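Hello,

Here is the structure I said I would pass on. Please open it first, then read the notes below.

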Amino acid sequence: MWKIEVCFWIIPHKRDYNEMGWSFSMGSAYQFHSWRVFVVVCALPCVCAVVALTFMPESPRFFLEMGKHDEAWMVLKQIHDTNMRARGEPEKVFTVNRIKLPKHLDELVEMQSDSSNPVGKVLFRIRTELRGIWLTFMSCFSYPVKDNTIKLAFVWFTLSFGYYGLSVWFPDVIHHLQSDEYASRVKTHNNEHTEDFTFNFTLENQIHTNGVFVNDRFISMKLKSVTFIDSTFQNCYFDDVSTVGSLFKNCTFVEAFFYNTDIDDSKLVGSRVINSSFHHNKTGCQMTFDDDYSAYWVYFVNFLGTLAVLPGNIVSALLMDKIGRLSMLGGSMVLSGISCFFLWFGTSESMMIFMLCLYNGLSISAWNSLDVVTAELYPTDRRGTGFGFCNAMCKLAAVLGNLIFGSLVGITKTIPILLASAVLVGGGLVGLRLPDTRGNVLM
């Protein structure tokens, strides 16, 4: 029998290429680091969903189409009994007066004259399936659901465009604010001259111009966002030097010796190297979260934004039937659009993070109510197709939002803010024009 011992701990695990981050160990043979843990954690909800699906009953309509009438009746009875217990009427008996059975595809196939031909039977089945899909799709644009389909598609598109567009824009804008603040603290050194000096410490966020370094030693050090411009290095020794966001522009290296460094042609911009040698250059990525804190910060900001939807989910679950689906849908989208407008005044990281949390908390109520409204506005035979079409519009809007908002990062924040506000408010107003389904019997 196999025995697996799983131990979890948080350690700064240093690898051969100086990778430092989260780690967990399974026994003593397997080590998992950084992105592997991230992928495993992201896969857990999918695994849980697959397990949960095994406990969910199949839809009654599917059972009816498969000819399993008793199974369909049992599922309907289970739904009825659950709803009656929730309403405080557990004694109410489930009765079925009439069930309309859909025509089975197999029956249609058998009625065809060429059904004896296996190939023709398969082709007819495919044609029938495709024709049925097309007719069902077109029925979503016929009376009495045509207007609802157009309005729902518009609401899905606008909500998705604003939500996913801002989801990309928020972290990048915060990163842009961080970069501006970091650049404002840069230290500049001009015309410095050092000789026979040993650099064995970290240099960060500095610009060295017209410097002269003679017989200097750069040993076990790190250059973080350091730029040398028009500087001269003569008889200098570089050993175990790592650079992150650092460059040597128009510099001159005379009889320099490089050992175990990551300084290569990409770091030597317009520089001259005379009688110098490179040995055992470092390969691979040398960057860690300690070097680029913003890499961690992007995930943390997204985590805060996702955590902010929890109150919105609770509120929408408790008030959906009390204030109505349309009031929650339209009100949530309009308030989300108004909150986007106030991003105009966000000039700091904390302000932008607060607005991100507020926006996510408001918009999640719109998503929840929109799911309910969409399902309740379509009859059973068109519900899946109509819902799928609206989701397709949602995904199209998400792609367009990512492209448009992503291209405007660092250029202007006026257009994204005004565009998101206008789209969300417009979608919310259209959502208020949908029929109210609260308390209605599903078709």
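This is a predicted model: local features need pLDDT of at least 70, side-chain atom pairs count only at pLDDT 80 or more; totals for chains, interfaces and linings use all residues.

**Cysteines**

A disulfide is a covalent bond between the sulfur atoms of two cysteines. The count of disulfides here is zero. Take Cys-140, which is in no disulfide. Its nearest cysteine sulfur belongs to Cys-390, 8.2 Å away. The cut-off for a disulfide is 2.5 Å. Cys-140 has 1% relative accessibility, so Cys-140 counts as buried. Cys-394 is in no disulfide either. For Cys-394, the nearest cysteine sulfur is that of Cys-390, at 9.5 Å. Cys-394 counts as buried because its relative accessibility is 2%.

**Helix 9 and helix 10**

Two packed helices are described by the angle between their axes and the distance between the axes. Helix 9 spans residues 325-341, and helix 10 spans residues 349-377. Their axes come within 8 Å. They cross at roughly 150°. The cut-off for roughly antiparallel is over 145 degrees, and helix 9 and helix 10 are therefore roughly antiparallel to each other. Their crossing is left-handed.

Which residues meet where helix 9 touches helix 10? From helix 9 they include Arg-325, Leu-326, Met-328, Leu-329 and Cys-340. From helix 10 they include Met-355, Leu-358, Tyr-359, Leu-362 and Glu-376. By class, the contact of helix 9 with helix 10 has 14 nonpolar, six polar and two charged residues.

**Backbone features**

Most residues other than glycine have a negative phi, and most peptide bonds are trans.

- The peptide bond from Tyr-143 to Pro-144 is cis, with omega near 10°. Pro-144 sits in the loop between helix 5 (118-139) and helix 6 (146-183).
- Asn-215 is not a glycine, yet has a positive phi of about 55°. Look for Asn-215 in the loop between strand 8 (212-214) and strand 9 (217-229). With a relative accessible area of 27%, Asn-215 is partly exposed.
- Glu-255 is not a glycine, yet has a positive phi of about 50°. The loop between strand 13 (252-254) and strand 14 (257-259) holds Glu-255. Its relative accessible area is 44%, so Glu-255 is partly exposed.

Best wishes

How values were computed
Residues are numbered from 1 along each chain as its sequence is written. Side-chain values use heavy atoms; hydrogens and water are left out. Buried means under 20% relative accessible area, exposed over 50%, partly exposed in between (1.4 Å probe, protein chains only). Axes are lines fitted to C-alpha atoms, for helices over the stretch in contact, and angles run from 0 to 180 degrees between N-to-C directions. Helices (H or I, at least four residues) and strands (E, at least two) are DSSP runs, numbered from the N terminus. Angles under 35 degrees count as roughly parallel, over 145 as roughly antiparallel, 65 to 115 as roughly perpendicular and the rest as oblique. A crossing is left-handed if the near helix is turned anticlockwise from the far one by less than a right angle, and right-handed if clockwise. Contact means heavy atoms within 4.5 Å. Ala, Val, Leu, Ile, Met, Phe, Trp, Tyr, Cys and Pro count as nonpolar, Asp, Glu, Lys and Arg as charged, and the others, Gly among them, as polar.
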